[in-house]
Amino acid sequence: MKTKIQEEFKRRFGDEARLFASPGRVNLIGEHTDYNLGFVLPGAIDKAIYVAIKPNNDKVCRIYSIDYDTQVEIDLAGPLPKAQWVRYIYGVAHEMMKRGATVPAFDCVFGGDVPLGAGLSSSAALESAVGFALNEIYGLGFDRKTLAQIGQMTEHNYVGVRCGIMDQFASLFGQKGHVIRLDCRSLDYAMVPFDPTGYRLVLLDSMVKHSLASSEYNIRRTQCETGVAVVSRHIPAVVSLRDMTQDMLDTYKDEMEEVVYRRCNYVINENERLLDGCTALAQGDYALFGKKMFATHDGLSHDYEVSCAELDFIVDIARATDGVLGARMMGGGFGGCVISLVRDTIHDSYVNEVQEKFTQKFGKTPRSIDVVIGDGAHEIK
Ligand code: GLA
């Protein structure tokens with residue numbers, strides 16, 4: 001892929017370019033907690049978006065997407081482009097300009113091996129790759145935290161998804177062999193070694209790309225804010241779900257809709273589960289960690305209601321399989337992947353069983369994606 005992108009750049013723009021990569025991510029536990037200023041535990045993966053890029057001393061940028069096999073010209077001073085994939089790039093440049101940077105025009109070719117729409121944050125990988133690359137070629141001086149915020153705000157302001165910061169943060173800060181315990185309120189983080197000897201992570205793609213994903217995502221966020229507003233009328237120190245205890249939530253339960261209660265209840269429990277999960281990891285207790293993953297899935301499915309029949313089906317098989325320590329839907333939901341922590345020796349039989357049973361029921365076969373925890377954004381020399 002790297003060579004292909006370099007060659008494509010030469011063919012189209014007749015020059016050598018610098019090459020940058022930023023990866024997709026997995027998240028072990030801590031889902032829908034980031035925008036509630038709680039904790040997450042993601043890691044970067046060995047699959048990335050690659051960007052070949054060079055300043056062009058012109059007024060417009062020329063951008064070619066390998067995946068869409070389309071080249072566009074955009075004027076960074078012009079109106080918002082129509083195509084979503086172009087908006088990611090336009091948005092990143094604009095967020096940089098908002099923060100005082102000058103971003104001259106450039107030529108760029110990008111593509112990658114992060115599966116699109118599978119919940120592995122290919123869009124955050126693109127934002128992070130473009131942000132990191134522009135920062136380097138123009139010496140803009142943004143640190144990685146700011147680049148993550150620039151990616152997040154691109155989603156908010158140019159794509160319309162009010163996402164948290166987890167995906168961009170993981171893409172920029174990832175480190176081989178480690179997951180990141182990130183406090184989404186302070187942005188303090190710790191690198192947690194992740195080396196489950198004898199076990200590995202497997203993703204099973206439900207093959208569902210839910211069109212409601214971004215609108216339902218924003219609704220979940222609003223419901224959480226509604227719960228916070230109710231409690232903060234009584235306890236002003238509560239400004240996010242991070243500040244809310246189970247007791248506080250239960251005390252004011254009658255003042256909120258039942259659905260708002262369930263959303264908040266899930267998030268409060270998920271933050272606790274993550275902290276307990278980290279303790280389990282530190283003690284090498286992967287069995288206990290796996291149980292937490294199953295519990296997260298239950299919360300996401302019943303209380304947060306972001307799962308779907310296909311994801312639930314895979315997790316049910318995981319639960320009944322000896323050697324699968326834990327499994328749950330991963331990411332925003334309404335489709336995408338189930339992440340499982342699986343004993344090496346049963347990996348193949350587990351994947352086969354899921355694929356067979358799933359195909360019988362839904363008439364399509366989930367692809368399995370093996371991931372290894374890799375490094376965050378970097379230049380490829
Ligand atoms: C998507 C968002 C993240 C996060 C997850 C759910 O991936 O982009 O910010 O909210 O969903 O945990």
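## A polar contact to start with

A polar contact is a pair of N or O atoms within 3.5 Å; within protein, one must be able to donate a hydrogen and the other to accept it, and residues adjacent in sequence count only if both atoms are side-chain atoms. Here is an example: a polar atom of the side chain of His 156 lies 2.7 Å from the backbone oxygen of Cys 163.

The model is predicted, so local features need pLDDT of at least 70 and side-chain atom pairs count only at pLDDT 80 or more, while totals for chains, interfaces and linings use all residues. Residues are numbered from 1 along each chain as its sequence is written, and side-chain values use heavy atoms, with hydrogens and water left out.

## Around His 156

His 156 belongs to helix H4, which covers residues 144-159. Helices (H or I, at least four residues) and strands (E, at least two) are DSSP runs, numbered from the N terminus.

Which residues touch His 156, leaving aside its neighbours within four places in sequence? They are Val 161, Arg 162, Cys 163 and Arg 221, where contact means heavy atoms within 4.5 Å.

## The chain as a whole

The protein chain holds 11 helices and 13 strands. Its C-alpha atoms fill a box of roughly 60 × 55 × 40 Å along the principal axes. The radius of gyration is 21 Å, which agrees with the value near 21 Å for a compact globule of 381 residues; it is taken over C-alpha atoms, and the globule rule is 2.2 Å times the number of residues to the power 0.38.

Among contacts in the protein chain with a separation of 6 or more, 71% join residues 24 or more positions apart. Of the 381 residues, 60% count as buried; buried means under 20% relative accessible area, exposed over 50%, and partly exposed in between (1.4 Å probe, protein chains only).

## Two positive phi angles

Now for two loops. His 32 sits between strand S1 (18-27) and strand S2 (39-40), and has a positive phi of about 60° although it is not a glycine. Is His 32 buried or exposed? His 32 counts as buried because its relative accessibility is 4%.

Glu 305 is found in the loop between helix H9 (286-303) and helix H10 (309-319). Glu 305 also has a positive phi, near 50°, in a residue other than glycine. With a relative accessible area of 34%, Glu 305 is partly exposed.
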